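Visitor: I have a structure open and would like to go through it with you. Could we begin with the surface?

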Amino acid sequence: MKSELPLSSLSLEDRKRLDWLYDMISQQAKTFVGYPVNRMFDYRPLYRFLDYPINNVGDPFVSSTYRVNTRQIEREVIEHFAELLHAPKDDFWGYVNNGGTEGNLYGLYLGREIHPDGVLYFSQDRHYSIDKIARVLGLRHHMIRSLPTGEMDYQDLRTHLSLNKDRPAIVLATIGTTMKQGIDDIQKIRQSLQHAGIEQHYLHCDAALAGMILPFTDDPPPFDFREGIDSISVSGHKMVGSPIPCGVVLVRKQHVNRVAQNVEYVGIVDSTITGSRNGFSPLLLWYAIRSKSRREFRGMIRSCFEMADYAVEQMQSAGIDAWRNPHGITVVFPRPSPAVLEKWQIAVQESIGHIITMPHVDKHMIDALVDDMRDSSESRTMRQISLYVPDEPGVVADVAELLAGHDINIDSIDAETIGDTGVVILTVDRYHDAIEALKHTKYRLVPDRAILVKLDDRPGSLAELATRFKQAGINIHSLRMVNNHDGKALASVSTDNWEKAMDLVSDIRVG
Ligand SMILES: *Cc1c(COP(=O)(O)O)cnc(C)c1O
């Protein structure tokens with residue numbers, strides 16, 4: 001959709017830039033599978049509010065002389081979240097902010113105000129914002145190990161707590177870690193505090209994504225105010241969905257009184273982090289929770305879980321080692337190839353990648369992604385070239401030089417000697433050009449997709465290999481001895497199922 005409104009004050013060129021930008025963004029949204037952001041929303045009925053400089057400066061529960069505001073709406077949003085997260089009826093406070101990060105900053109700020117000499121504890125899998133917040137607040141902190149699921153290692157928490165048992169503890173629990181959706185168990189954290197004998201503590205929950213998932217599932221792990229937490233931060237632009245990043249922070253009201261200041265100039269109580277505050281995002285959140293019943297939210301969350309299961313199944317049947325945590329819609333798998341990452345907006349961290357089956361992620365997207373992941377693992381292995389070379393010094397250097405002379409980049413090169421034959425295995429950036437260049441040398445190319453295996457040079461070893469394929473139900477197209485020398489033999493085999501065959505002979509394969 002191109003803009004139909006008058007833009008006459010812009011030059012033709014600038015208008016074109018906007019059109020181009022709009023098209024680019026709508027194009028990118030099609031491969032948006034890796035981020036915990038719901039893009040299924042329609043807030044058009046609210047667009048007219050953009051005509052005004054709405055500002056909710058200050059405490060939403062106190063009136064202001066800045067009357068172009070949406071405070072009443074903001075309070076209703078806070079009350080809605082308070083009920084959802086079981087905040088105590090007459091002891092909660094909160095505000096709509098710029099997102100999960102600001103909510104974390106706010107919660108930990110209160111923690112530090114209450115326990116100025118407190119020590120902050122968080123897990124290895126915490127969101128990256130936490131380290132920055134610890135620095136901003138000047139909080140001494142300890143990082144606790146995580147379990148493979150992303151959840152905090154409570155044994156390690158106990159160890160750290162006992163080393164600092166004379167200082168109050170400020171514990172940040174991640175309710176849905178960013179990469180794996182691991183959930184820190186508040187009951188186990190409380191038990192650890194008790195075990196260490198620490199009575200003075202503050203518990204903040206970073207529930208950016210899962211704070212709007214868990215309330216709509218059966219048997220969620222304990223994470224909300226019923227477990228005695230002090231504050232919680234939930235993003236609004238994640239599961240609810242919003243064109244502007246936003247979030248909600250909820251705290252026990254008694255804590256806020258420690259930080260609130262009266263400001264005469266705007267007639268407000270300054271209890272928030274920023275001064276001027278976006279008054280449009282409370283409207284967005286209000287609209288979202290008013291236009292969808294709890295039952296509809298439940299249905300939406302259920303579909304997300306079904307889609308996560310579908311993604312796990314499809315990936316597993318494509319040979320991709322995918323999994324998810326039982327309470328998460330984040331599907332984790334080994335880091336995909338650069339080609340897949342270029343096309344799909346998948347979040348990666350070190351050796352893993354993930355997708356999150358937010359409401360806009362459908363079967364078509366998953367199927368297309370899985371196809372690309374499958375193709376790319378195939379093309380990577382197909383790009384492998386094997387050469388028979390004489391077992392003499394300098395061969396690897398000769399091959400490398402030859403390819404460099406043709407401007408072909410080598411990604412990897414391995415050499416192995418079996419008997420009196422050398423085998424060089426290469427991966428390159430320009431496969432076909434490399435094949436052409438190598439054809440005209442004294443080296444022999446191993447036929448495309450043939451698999452080289454090492455055997456003992458004794459009667460019957462080729463027959464044993466053939467039997468292995470027969471039992472696995474793989475048809476052999478050709479099987480030949482390449483050489484035999486000094487008790488070692490090299491054989492080449494090609495089959496009708498390259499992938500399965502590679503697996504079958506992984507113990508004796510060359511390359
Ligand atoms: C996304 C996320 C945040 C940050 O939230 P923003 O709304 O992007 O500021 C914090 N913690 C976790 C666990 C998150 O997933």
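Visitor: Which residues form a nonpolar patch on the surface?
Guide: Leu18, Trp20, Leu21, Met24 and Ile25 form that patch, with about 490 Å² of accessible area together. Patch members have over 30% relative accessible area and no salt bridge, and nonpolar side chains are joined within 5 Å. This is a predicted model, where local features need pLDDT of at least 70 and side-chain atom pairs count only at pLDDT 80 or more, while totals for chains, interfaces and linings use all residues. Residues are numbered from 1 along each chain as its sequence is written, and side-chain values use heavy atoms, with hydrogens and water left out.

Visitor: Where does Ile25 lie?
Guide: Ile25 lies in helix α1, residues 12-28.

Visitor: And is Ile25 buried or exposed?
Guide: Ile25 counts as exposed because its relative accessibility is 51% (exposed is over 50%, buried under 20%, with a 1.4 Å probe and protein chains only).

Visitor: Turning to pockets, what is the volume of the second largest pocket?
Guide: Its volume is about 800 Å³.

Visitor: Which residues lie nearest its centre?
Guide: His127, Tyr128, Thr178, Met179 and Gln349 do, out of 34 lining residues (lining residues have an atom within 4 Å of a pocket grid point). Among the elements supplying at least two lining residues are α3 (100-114) and β12 (352-356).

Visitor: Which residues of α3 are buried?
Guide: The buried residues of α3 include Gly100, Glu102, Tyr106, Leu110 and Ile114.

Visitor: What follows α10?
Guide: Gly319 follows α10, and the phi of Gly319 is positive, near 80°.

How values were computed. Patch = residues over 30% accessible without salt bridge, like charges linked within 9 Å, V, L, I, M, F, W, Y side chains within 5 Å. Areas by Shrake-Rupley, 256 points an atom, 1.4 Å probe, with all protein chains shown as cover. Salt bridge = Lys/Arg side-chain N within 4 Å of Asp/Glu carboxyl O. Helix = DSSP H or I, 4+ residues; strand = E, 2+ residues; numbered from the N terminus. 1 Å grid on protein atoms, 1.4 Å probe; cavity = no way out; pocket = protein on both sides within 12 Å on 5 of 7 lines; lining within 4 Å. Points joined across faces, edges and corners; volume = space filled by probe spheres on them.
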